[in-house]
Amino acid sequence: MADYATNRAADVTARNNAKSNIRKAVDLAIPLFPFPVTCFDSDNGTESINDELIDRLQHKDIEQTRSRPYRKNDQATVESRNNHVVRKFAFYWRYDTEEQRDLPDRLWAKTYLLLNLFTPTRKPARIEQGRDGRRRTVYDRPRTPWARVLEYDAASRADGGRGYVDDATRTRIENLIASTNPARLGREIAAIQDELERLSRERTEGMARRQGLDMGYLGKAIERMHADAEQNNK
């Protein structure tokens with residue numbers, strides 16, 4: 001009975017911590033967008049669906065929507081970011097100490113700049129069917145997320161709308177682009193990744209060995225990180 005009560009208390013504490021972390025993340029993330037946030041789409045966990053977060057979003061005049069229960073594909077866009085952003089840059093290490101947790105915070109501040117302001121991406125534009133009957137995806141021309149935002153802003157203004165980016169935000173981001181060296185930014189990211197590996201790799205791999213986990217993917221991620229760092233240093 002005592003064990004049950006202890007476990008129950010631990011579960012409640014964990015859920016409360018998760019709720020608090022989500023609220024802090026929302027407060028931190030919303031000002032980073034260069035345009036007004038009008039909708040917050042979450043999964044169905046209690047850390048996202050709770051009175052505190054709902055009240056906070058309503059106070060900010062942000063609509064909240066949620067995915068369908070047991071439909072993971074509803075979160076496909078977010079989950080894809082976990083792979084090619086979170087895991088690519090921060091790997092699968094375990095971060096427990098204050099020093100270890102501080103490094104990802106510094107890392108995200110820099111990857112935010114790299115990915116949104118300096119990394120062109122392609123988006124699916126349409127599906128075509130060739131003469132052989134095979135369907136293929138046609139992508140648009142590569143451009144950065146910031147450039148895409150400006151395109152939507154210009155289109156809105158051309159249609160008589162107010163646009164999405166105010167003058168102060170546009171000036172701030174353009175100054176940030178002009179004052180940032182992408183090559184140096186890449187080297188700074190690689191340095192933080194090296195420090196993450198130094199602090200966390202041995203302990204994480206030790207835990208994996210004890211638990212019989214497959215670390216093959218982790219090794220490949222580290223190899224890519226070293227290759228990227230060497231390329232940036234050339």
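Me: Which residues in helix 3 meet which ones in helix 4?
Reply: Val-85, Val-86, Phe-89 and Ala-90 in helix 3 meet Leu-107, Trp-108, Thr-111, Leu-114 and Leu-115 in helix 4. Contact means heavy atoms within 4.5 Å. Helices are DSSP runs of H or I, at least four residues, and strands are runs of E, at least two, numbered from the N terminus. This is a predicted model: local features need pLDDT of at least 70, side-chain atom pairs count only at pLDDT 80 or more, and totals for chains, interfaces and linings use all residues. Residues are numbered from 1 along each chain as its sequence is written, and side-chain values use heavy atoms, with hydrogens and water left out.

Me: At what angle do helix 3 and helix 4 cross?
Reply: Roughly 130 degrees, with the axes of helix 3 (residues 76-90) and helix 4 (residues 98-117) coming within 12 Å. Axes are lines fitted to C-alpha atoms, for helices over the stretch in contact, and angles run from 0 to 180 degrees between N-to-C directions.

Me: Why call helix 3 and helix 4 oblique?
Reply: Angles under 35 degrees are roughly parallel, over 145 roughly antiparallel, 65 to 115 roughly perpendicular, and the rest oblique. Helix 3 and helix 4 are therefore oblique to each other.

Me: New topic. What caps the N-terminal end of helix 2?
Reply: Asn-50 does. One of its side-chain oxygens lies 3.2 Å from the backbone nitrogen of Glu-52. Helix 2 spans residues 51-59. Just after helix 2, Asp-61 takes a positive phi of about 60 degrees.

Me: How many helices and strands are in the chain?
Reply: Eight helices and four strands. Along the sequence the pattern is α-β-α-β-α-α-β-β-α-α-α-α.

Technical notes: A polar contact is a pair of N or O atoms within 3.5 Å; within protein, one must be able to donate a hydrogen and the other to accept it, and residues adjacent in sequence count only if both atoms are side-chain atoms.
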